[in-house]
Amino acid sequence: METMRRVTSLCLINIHRNRYSVPAQWANQVVSVRVTADKIRMVTNGQVIAEHARRFGRDQLICDPWHYLPVLEKKPGALRNGAPFVTWDLPVPIKVVRDRILKQDKGDRAFVEL
């Protein structure tokens, strides 16, 4: 199935009561969404801009934190409280560095720059 959907200002597309992330540069734009049995693909100009494993539950948020890096550059504080970053599975050494940097003054900004 393929449909046209508008990406929300939060870089999300609603599909079957779930929300899937799309790269930030596509916020508020219309993209084609291709739904298969196991994948959700967002396409524009014939190019796949995002792909997620399909989820069959309801009211789930499926995010790829890399989609939000341009947002972090403008608002580093989103790293601490933003939903896409809460479940971001980072390698242990990076988690250690992140936790130490976030304790410092303006640590959010320093970690984003790193």
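Begin by selecting helix H4, where the exposed residues Val92, Pro93 and Arg100 are carried on the face turned away from the buried side of the helix. The model in the viewer is a predicted one.

**Helix H4 and its buried face**

Keep H4, residues 92–102, selected and colour Arg98, Ile101 and Leu102, which are its buried residues. Viewed down the axis of H4, these buried residues fall within an arc of 95°, so they line one face of the helix.

Next, centre on isoleucine 101 in H4. With a relative accessibility of 15%, isoleucine 101 counts as buried. Which residues does isoleucine 101 touch, not counting residues up to four places away in sequence? They are Gly107, Ala110, Phe111 and Leu114. For a distance label, select the C-alpha atoms of isoleucine 101 and phenylalanine 111: the separation is 6.3 Å, and the two residues are 10 residues apart along the chain.

**The whole chain**

Now zoom out to the entire protein and colour by secondary structure. Five helices and seven strands are present, and along the sequence they follow the pattern β-β-β-β-β-β-β-α-α-α-α-α. Of the 114 residues, 37% count as buried. Among contacts with a separation of 6 or more, 39% are accounted for by residues 24 or more positions apart.

**The open sheet**

Select E2, E3 and E7. These form an open sheet of three strands in the order E2-E3-E7, with mixed pairing. Strand E2 (12–15) and strand E7 (61–62) stand at the edges, each with a single partner strand, so one side of each has no neighbour in the sheet. Strand E3, residues 18–21, pairs with E7 in the parallel sense over two bridges. To locate this pairing, show arginine 19 together with leucine 61, its bridge partner in E7.

Two loop residues deserve a stop here. In the loop between E2 and E3, select histidine 16. Its phi is near 50°, a positive value in a residue other than glycine, and histidine 16 is partly exposed, with a relative accessible area of 43%. Then move to asparagine 28, in the loop between E3 and E4. Asparagine 28 is not a glycine, yet has a positive phi of about 65°; this residue is partly exposed as well, at a relative accessible area of 46%.

**The E5–E6 hairpin**

Select E5 and E6, which run antiparallel and are joined by six bridges. The two strands form a hairpin with two residues between them. In the turn, asparagine 45 has a positive phi of about 50°.

Display threonine 44, which is placed in strand E5. Opposite threonine 44 stands glutamine 47 in E6. Is threonine 44 buried or exposed? At 15% relative accessibility, threonine 44 counts as buried. Leaving aside neighbours within four places in sequence, threonine 44 is in contact with Trp26, Val31 and Ile49.

**The largest nonpolar core**

Show side chains for Ile13, Ile15, Val22, Val31, Val33, Ile40 and Met42. These have the most contacts inside the largest nonpolar core, which has 14 residues. The elements giving two or more residues to this core are E2, strand E4 (30–35), strand E5 (39–44) and strand E6 (47–53). E4 gives the most, with three residues.

Not counting residues up to four places away in sequence, isoleucine 40 touches Ile15, Tyr20, Val33, Arg34, Val35, Ala50, Glu51, His52 and Arg54.

**The cysteines**

Finish by selecting cysteine 11 and cysteine 63. How many disulfides are there? The count comes to zero. Cysteine 11 is in no disulfide, and its nearest cysteine sulfur is that of cysteine 63, 9.3 Å away. A disulfide requires sulfur atoms within 2.5 Å, so the 9.3 Å from the sulfur of cysteine 63 to that of cysteine 11 is too far for a bond. In accessibility, cysteine 11 counts as buried at 4%, whereas cysteine 63 is partly exposed, with a relative accessible area of 23%.

Terms used
Residues numbered from 1 in each chain as written. Predicted model: local features only at pLDDT ≥ 70, side-chain atom pairs only at ≥ 80, totals over all residues. Heavy atoms only, no water. Buried < 20%, exposed > 50% of the residue type's maximum accessible area, 1.4 Å probe, protein only. Pairing = 2+ DSSP bridges. Helix = DSSP H or I, 4+ residues; strand = E, 2+ residues; numbered from the N terminus. Core = buried A, V, L, I, M, F, W, Y, C linked by side-chain atoms within 4.5 Å. Contact = heavy atoms within 4.5 Å. Arc of directions from axis to C-beta.
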